[in-house]
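Visitor: Please show me the structure, and then let us discuss it by question and answer.

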Amino acid sequence: LRPTHRLLSCPGPVAADLKREEQSSRNVETGSEDKIPKKKFSEVQKERREQAQRTVLIHCPSKISEKKFLKYLSQHGPISNHFFYESFGLYAVVEFCQKESITSLQNVTRTPSMDTEAAIPFKSRFFNVKMKNPSNQTSEQPCIRCSNHTPPSSKKLSELLCYAESIDDQLNTLLKEFQLTEEDIKLRYLTCSLIEDLAAAYFQDCTVRPFGSSVNSFGKLGCDLDMFLDLGEIGKFNTNKTSGNFLMEFQVKNVSSERIATQKILSVIGECLDHFGPGCVGVQKILNARCPLVRFSHQASGFQCDLTTNNGIALKSSELLYIYGALDSRVRALVFCIRCWARAHSLTSSIPGSWITNFSLTMMVIFFLQRRSPPILPTLDYLKTLAGAEDKCIIEGHNCTFVSDLNRIKPSGNTETLESLLKEFFEYFGNFAFNKNSINIRQGREQNKPESSPLHIQNPFETSLNISKNVNQSQLQKFVDLARESAWILSQEDKDRPSPSSNRPWGLATLLLPSVVNSVSLAKKKRKKPASERIKNLLESIKSSSPENDTNTNGK
Ligand code: CTP
Ligand code: MG
């Protein structure tokens with residue numbers, strides 16, 4: 001069970017600074033269209049990583065005095081930022097100005113002594129704080145204010161959507177409510193940094209980086225935390241660093257393949273997390289997967305973590321998606337909307353299976369936006385032509401080169417509204433020839449399918465791979481049916497929009513409530529004649545969409 005996060009904000013001047021900083025970094029990381037130059041992905045990662053290395057995680061008693069607590073910690077050095085959250089108890093994330101403060105704090109920290117159990121002494125940056133005289137402090141009211149850190153309940157969401165002024169406004173509301181908060185992002189980087197400390201005990205100078213939706217700007221509150229154990233620096237030999245006539249190499253053990261090396265490394269790290277990792281529970285080693293991984297829960301942060309290694313291409317995919325998300329404010333709004341829509345109709349699931357994944361849906365939205373006229377997003381091949389010498393990147397023989405400087409990419413001249421894009425998205429994929437075509441964001445156009453999987457989305461870097469190979473025909477059919485249904489509902493909207501006071505779901509709210517979609521649309525189908533040829537055709541297509549008589553989605 002995922003705990004609910006409740007963030008406790010900190011008042012006073014520190015909070016004001018934090019707010020300002022949040023504002024600016026939120027603009028940068030979410031790519032909202034303001035005049036601030038957008039940071040490169042690598043710059044954001046570097047900054048956040050460095051911040052996380054100066055940060056500690058502290059489990060606190062619930063009745064703690066914030067002021068005294070901060071004063072106590074400041075003995076070790078000035079604090080630049082802090083926040084509290086609740087997740088099976090109260091936790092504080094405290095960022096010092098200097099890394100040395102952490103060593104100082106660790107020097108006065110003891111390993112707890114237990115009566116019936118034995119502690120494994122492990123000195124991490126995850127602490128427990130106890131009060132020496134609890135009775136002295138309880139009389140004091142904690143001046144800690146709570147702010148929520150979970151996505152809105154469906155009731156709250158439905159209210160927010162009802163009161164929105166337009167469908168565009170509804171999409172932007174959805175984005176605002178579901179996107180990762182500044183604190184959530186900080187906690188994700190901190191969690192990686194804590195795991196890095198553990199892995200570094202074996203692999204000196206390794207790095208553990210977040211990737212996937214935690215960093216690609218498409219993460220919804222509560223999404224998993226994908227981690228990449230990067231041993232790159234260890235294996236790399238840099239001739240520039242040496243002079244003279246000798247080559248120095250480490251003595252190492254050899255195994256018969258990269259895959260076996262990956263499995264061995266992850267196996268040991270998995271054991272380590274299981275036996276010594278503070279707060280790491282439910283460790284599962286899934287080493288026979290195409291991409292071997294260790295899955296575990298980081299209890300204190302509440303994140304479900306997937307740790308992989310030798311997976312540099314996935315980090316590059318995250319950077320590419322970050323760039324696409326930052327280029328135009330409509331991209332993230334549309335992706336969040338499609339992700340929420342898919343979740344609401346059980347097209348996606350947190351359990352792996354033959355369903356569409358969020359990653360595939362994001363690719364579909366990007367592809368659709370590349371197909372608009374004029375295009376809203378450039379193709380990957382075009383981003384490659386803009387790359388500078390410093391952007392050159394080959395991973396495992398795959399060319400992963402594309403421009404990293406966002407400011408070199410011209411904004412699109414397309415002015416379509418989110419409402420029309422949403423409608424067109426559903427129509428586009430409701431009628432896509434999945435049976436013969438593959439989705440390809442590198443070239444931004446359909447390609448003949450190289451194999452017979454029902455849904456084929458080419459991996460943009462490992463072009464022989466299909467990122468949606470897992471999707472079966474019936475799940476694809478479900479997606480197509482719902483897309484057609486949703487296109488039809490949206491095309492009815494103009495006439496049916498209720499007055500704001502009626503409190504009746506409309507627009508996006510209708511699309512996101514599965515029961516409503518079915519009942520409203522069925523009721524409409526019964527009582528209304530299609531107004532235009534287009535709607536008639538849509539209805540026809542819904543009727544004929546059973547797998548036997550449908551040609552569009554038949555994979556064979
Ligand atoms: N990935 C990939 N090929 C796949 C699946 C995943 O390259 N077939 C990479 C992508 O870079 C993806 C990352 O692995 O972003 C993490 O995968 P996953 O957690 O499934 O997707 P997220 O994008 O993180 O989305 P979610 O919010 O559902 O976790
Ligand atoms: Mg993920």
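Visitor: Which residues lie nearest the centre of the second largest cavity?
Guide: This is a predicted model, in which local features need pLDDT of at least 70, side-chain atom pairs count only at pLDDT 80 or more, and totals for chains, interfaces and linings use all residues. Residues are numbered from 1 along each chain as written, ligands are numbered from 1 in the order written, and side-chain values use heavy atoms, without hydrogens or water. A cavity is a set of points on a 1 Å grid over the protein atoms alone where a 1.4 Å probe fits but cannot get out, and its lining residues have an atom within 4 Å of a point. The second largest cavity is lined by 13 residues, and nearest its centre are Q51, T55, V93, E95 and K186.

Visitor: How far apart are the end C-alpha atoms of helix α13?
Guide: A helix is a DSSP run of H or I with at least four residues, numbered from the N terminus. The expected span is 1.5 Å times one less than the number of residues, so the 13 residues of α13 (358-370) should span 18 Å. The model agrees, with a separation of 18 Å.

Visitor: How many residues of α13 are buried?
Guide: Buried means under 20% relative accessible area (1.4 Å probe, protein chains only). Among those buried are S360 and Q370. Helix α13 is mostly covered, the count of buried residues being 11 of 13.

Technical notes
Helices (H or I, at least four residues) and strands (E, at least two) are DSSP runs, numbered from the N terminus. Buried means under 20% relative accessible area, exposed over 50%, partly exposed in between (1.4 Å probe, protein chains only). On a 1 Å grid over the protein atoms alone, a cavity is a set of points where a 1.4 Å probe fits but cannot get out, and a pocket is an open set with protein on both sides within 12 Å along at least five of seven lines; lining residues have an atom within 4 Å of a point.
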